[in-house]
Amino acid sequence: MSETLFSKIIERQIPADIVYEDDDCLCFKDVNPKAPVHYLLIPKKPIERLVDAKSEDQTLLGHMLMKASEIVSDAGFGDAFRLVINNGPGAGQSVFHLHIHILAGRTMGWPPG
Ligand code: AMP
């Protein structure tokens, strides 16, 4: 997988406002927030899209979901938040390193655009 913006953030080659990190994932503020809380949670392992995840990534993906819930709850929004994964350009993915958008702090419309 080629270098992406997010692998450069993991390597600290470009700055980010990091809110959480462990051995397997990193969470930082989205530079162009779509909600009062808009974080991106990424695996340190370079997986391009959700569809590229393998069965061996099951534990990692479960860990990320649990962490997303924990991070947004710690930020005070455990009762109302939305997680989004855009998979592929047709769904709006622009950075090809898997990421979970964590959105909170405003009313969420449905269906999403
Ligand atoms: P997606 O369109 O689902 O691939 O989401 C990519 C997200 O990355 C967008 O919401 C961008 O605002 C965000 N983004 C792009 N560059 C940076 C950066 N350097 N730091 C933080 N977020 C970024």
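Let's start at the ligand: one of its oxygen atoms sits 2.9 Å from an N or O atom in the side chain of His-99, a polar contact, meaning a pair of N or O atoms within 3.5 Å. The protein covers 84% of the 500 Å² of accessible area that the ligand has on its own, with areas from the Shrake-Rupley method and a 1.4 Å probe.

Before I go on, this is a predicted model, where local features need pLDDT of at least 70 and side-chain atom pairs count only at pLDDT 80 or more, while totals for chains, interfaces and linings use all residues. Residues are numbered from 1 along each chain as its sequence is written, and side-chain values use heavy atoms, with hydrogens and water left out.

Back to the ligand. A polar side-chain atom of Asn-86 lies 2.8 Å from an oxygen atom of the ligand, and a polar backbone atom of Val-31 is 3.2 Å from a ligand nitrogen atom. There are 16 residues around the ligand, and Asp-30, Asn-86, Gly-92, Ser-94 and His-101 come nearest; a residue is near if one of its heavy atoms lies within 4 Å.

Now, the strands. These are DSSP runs of E, at least two residues long, and helices are runs of H or I, at least four, numbered from the N terminus. In β3 (residues 37-43), 7 of the 7 residues are buried, so the strand is largely enclosed by the rest of the structure. Buried here means under 20% relative accessible area, for protein chains only. Val-37, Tyr-39, Leu-41 and Pro-43 point one way from β3, while His-38, Leu-40 and Ile-42 point the other way.

What are the partners of β3? Strand β2 runs antiparallel to β3, joined by 5 bridges, and β5 also pairs with β3 in the antiparallel sense, over 5 bridges. For pairing, DSSP has to find at least two bridges between the strands. Leu-26 stands opposite Ile-42 in β3, and Leu-41 stands opposite Ile-100 in β5.

Let's stay with Ile-100 for a moment. At 5% relative accessibility, Ile-100 counts as buried. Beyond its neighbours within four places in sequence, its contacts (heavy atoms within 4.5 Å) include Tyr-39, Met-64 and Val-84.

Finally, how many aromatic pairs does a search of the whole structure find? The search finds 1: Phe-6 and Phe-28, edge-to-face, 5.4 Å centre to centre with 75 degrees between the planes. Ring centres must lie within 6.5 Å to pair, and planes over 60 degrees apart count as edge-to-face. Phe-6 is in helix α1 and Phe-28 in strand β2, so the pair ties together parts that are 22 residues apart in sequence. Both Phe-6 and Phe-28 are buried.

Key: Rings of Phe, Tyr and Trp (its six-membered ring) pair if their centres lie within 6.5 Å; planes under 30 degrees apart count as stacked, over 60 as edge-to-face and the rest as tilted. Buried means under 20% relative accessible area, exposed over 50%, partly exposed in between (1.4 Å probe, protein chains only). A polar contact is a pair of N or O atoms within 3.5 Å; within protein, one must be able to donate a hydrogen and the other to accept it, and residues adjacent in sequence count only if both atoms are side-chain atoms.
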